[in-house]
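Reader: I'd like to learn how to read a few features of a structure like this one. Could you take me through them, general idea before specific case?

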Amino acid sequence: MSCGLFVHCSVRSIHNGLTNLLVESRLRMLKVSEEKLITQLKRYCAYRERCSREVRQKMVILGVSGEDASRIIGLLQQEGFINEERYAQLFAGGYFRQKNWGRNKIIAALRMKGIQEAAIRRGLQEIGPEQY
């Protein structure tokens, strides 16, 4: 019986050691590739206006979530790559002119994208009363 217990303990310690090595390796890879990830996300945001929810979804696809995603979104907001108010203005103006959407449909779409009410109101100012 003691032999079986010894083998079980050895397998468990080997498993724990491999798990720790994998975690350490992943952390090293994340630190090295974080700069590349941020550069990629900056290009993604520069291509067209993005809201933070779209960027967060992109990061999930790239394998980043949680605190790291929040920190990177904060960095992109500080550097001006993500701006919810600017996004709402461009979204409202574009969808009103190009797709002939009304205010209610634009408001619903912006809410679904997680845009705050204050930014939605400022975005709707893009549509003047003479245009509507």
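Reader: What should I know about the model itself?

Author: It's a predicted model: local features need pLDDT of at least 70 and side-chain atom pairs count only at pLDDT 80 or more, while totals for chains, interfaces and linings use all residues. Residues are numbered from 1 along each chain as its sequence is written, and side-chain values use heavy atoms, with hydrogens and water left out.

Reader: Which side chain does Arg-122 meet in a salt bridge?

Author: Side chains of opposite charge can pair when their charged atoms come close. The cut-off: a side-chain nitrogen of Lys or Arg within 4 Å of a carboxyl oxygen of Asp or Glu. Arg-122 meets Glu-85 that way, at 2.9 Å, N to O. Arg-122 sits in helix H6 and Glu-85 in helix H4, so the pair ties together parts that are 37 residues apart in sequence. Helices here are DSSP runs of H or I, at least four residues, numbered from the N terminus. Glu-85 is partly exposed, because its relative accessibility is 31%.

Reader: How many salt bridges does a search of the whole structure find?

Author: It finds 8. Among them, Arg-48 pairs with Glu-54 at 3.5 Å, N to O. Lys-113 forms a salt bridge with Glu-54 too, with the closest N and O atoms 3.3 Å apart. Lys-113 lies in the loop between H5 and helix H6 (117–124), and Glu-54 in helix H2 (residues 52–62), so parts that are 59 residues apart in sequence get tied together.

Reader: Is Glu-54 buried or exposed?

Author: Buried, because its relative accessible area is 11%. Arg-48, at 38%, counts as partly exposed, and so does Lys-113, at 25%.

Reader: At what angle do H4 and H5 pack?

Author: Angles run from 0 to 180 degrees between N-to-C directions, with axes fitted to C-alpha atoms over the stretch in contact. H4 (residues 84–99) and H5 (residues 103–112) pack at about 140 degrees, their axes 10 Å apart. They are therefore oblique to each other; under 35 degrees is roughly parallel, over 145 roughly antiparallel, 65 to 115 roughly perpendicular, and the rest oblique.

Reader: Which residues make the contact?

Author: Contact means heavy atoms within 4.5 Å. H4 brings Tyr-87, Ala-88, Phe-91, Ala-92, Tyr-95 and Phe-96, and H5 brings Ile-106, Ala-109 and Leu-110.

Terms used
Helix = DSSP H or I, 4+ residues; strand = E, 2+ residues; numbered from the N terminus. Buried < 20%, exposed > 50% of the residue type's maximum accessible area, 1.4 Å probe, protein only.
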